[in-house]
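User: I would like to learn how to read the features of a protein model. Could you please guide me through this one?

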Amino acid sequence: MTLILAAALASTGCARGKKPNAPPSGSMLSNLPFVYKMTVQQGNVITERMVNQIQLGMNREQVRFVLGTPLLSDMFHTDRWDYIYTIRRGHAPMETKRLTLWFEDDQLVSVEGFARPNPTEALAALEDETVIVEVPDWQDDRGIINRTLNAVGLETAD
């Protein structure tokens, strides 16, 4: 009896190969170039302009204000923040941008990754950014009901 039980367990044990009736992991059509694949973005969107605004010596709150909350903050390495951004556009390979910030005594001491802070470019971008807003003169654009009441002689309090 024990021999039969051992043989049954051995024959149904760990199977390493694929099962013959297992469903395919992905559709065969998904690899064709005319099949639409949507763009998938994950992580913190960080531009070089944002990186240029950070400076060594900033505290954590100032860095968080500029770059946002880090995607990864390791509980064992609390002085390290990792900002990771990935994007896959259709059939193109995935693009990855990684930025690692190191702190000591709540002060930014090192920046590693796809971009380095350049404060002169940040100042130049601020100087070039001039916004001119033209405010049009007031026009009588009251609604049709107010215009009708004013035409009849019943003025409304605006």
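**Reading the fold and its core**

Analyst: Along the sequence, the elements of the protein chain come in the order α-β-α-α-β-β-β-β-α-α. In total there are five helices and five strands. Please keep in mind that this is a predicted model.

User: What percentage of the residues of the protein chain count as buried?

Analyst: Of its 158 residues, 17% count as buried, where buried means under 20% relative accessible area. The accessible surface of the chain is about 13100 Å², and carbon and sulfur atoms hold 58% of that area.

User: Which residues touch the most other members of the largest nonpolar core?

Analyst: The general idea is that nonpolar side chains tend to be buried together in soluble globular proteins. Here the largest nonpolar core has 15 residues, and those touching the most other members are Ile54, Val63, Leu67, Tyr83, Leu99, Leu101 and Leu108. Two or more residues of this core come from each of α3 (60-67), β3 (80-88), β4 (95-104) and β5 (107-113).

User: Which residues does leucine 108 touch, leaving aside those up to four places away in sequence?

Analyst: Leucine 108 touches Ile54, Gln55, Leu56, Gly57, Met58, Val63, Leu101, Trp102 and Phe103.

User: How many aromatic pairs are found in the whole structure?

Analyst: A pair of aromatic rings is described by the distance of the centres and the angle of the planes. The search of the whole structure finds one such pair.

User: Which residue lies over the face of phenylalanine 103?

Analyst: Arginine 60 does, at 4.8 Å from the ring centre. Phenylalanine 103 is also among the residues touched by leucine 108.

Methods. Residues are numbered from 1 along each chain as its sequence is written. This is a predicted model: local features need pLDDT of at least 70, side-chain atom pairs count only at pLDDT 80 or more; totals for chains, interfaces and linings use all residues. Side-chain values use heavy atoms; hydrogens and water are left out. A nonpolar core is a set of buried Ala, Val, Leu, Ile, Met, Phe, Trp, Tyr and Cys residues joined through side-chain atoms within 4.5 Å. Buried means under 20% relative accessible area, exposed over 50%, partly exposed in between (1.4 Å probe, protein chains only). Helices (H or I, at least four residues) and strands (E, at least two) are DSSP runs, numbered from the N terminus. Contact means heavy atoms within 4.5 Å. Accessible areas come from the Shrake-Rupley method with a 1.4 Å probe; for residues, only the protein chains shown count as cover. Rings of Phe, Tyr and Trp (its six-membered ring) pair if their centres lie within 6.5 Å; planes under 30 degrees apart count as stacked, over 60 as edge-to-face and the rest as tilted. A charge sits over a ring if NZ of Lys or CZ of Arg is within 6 Å of the ring centre and within 35 degrees of the ring normal.
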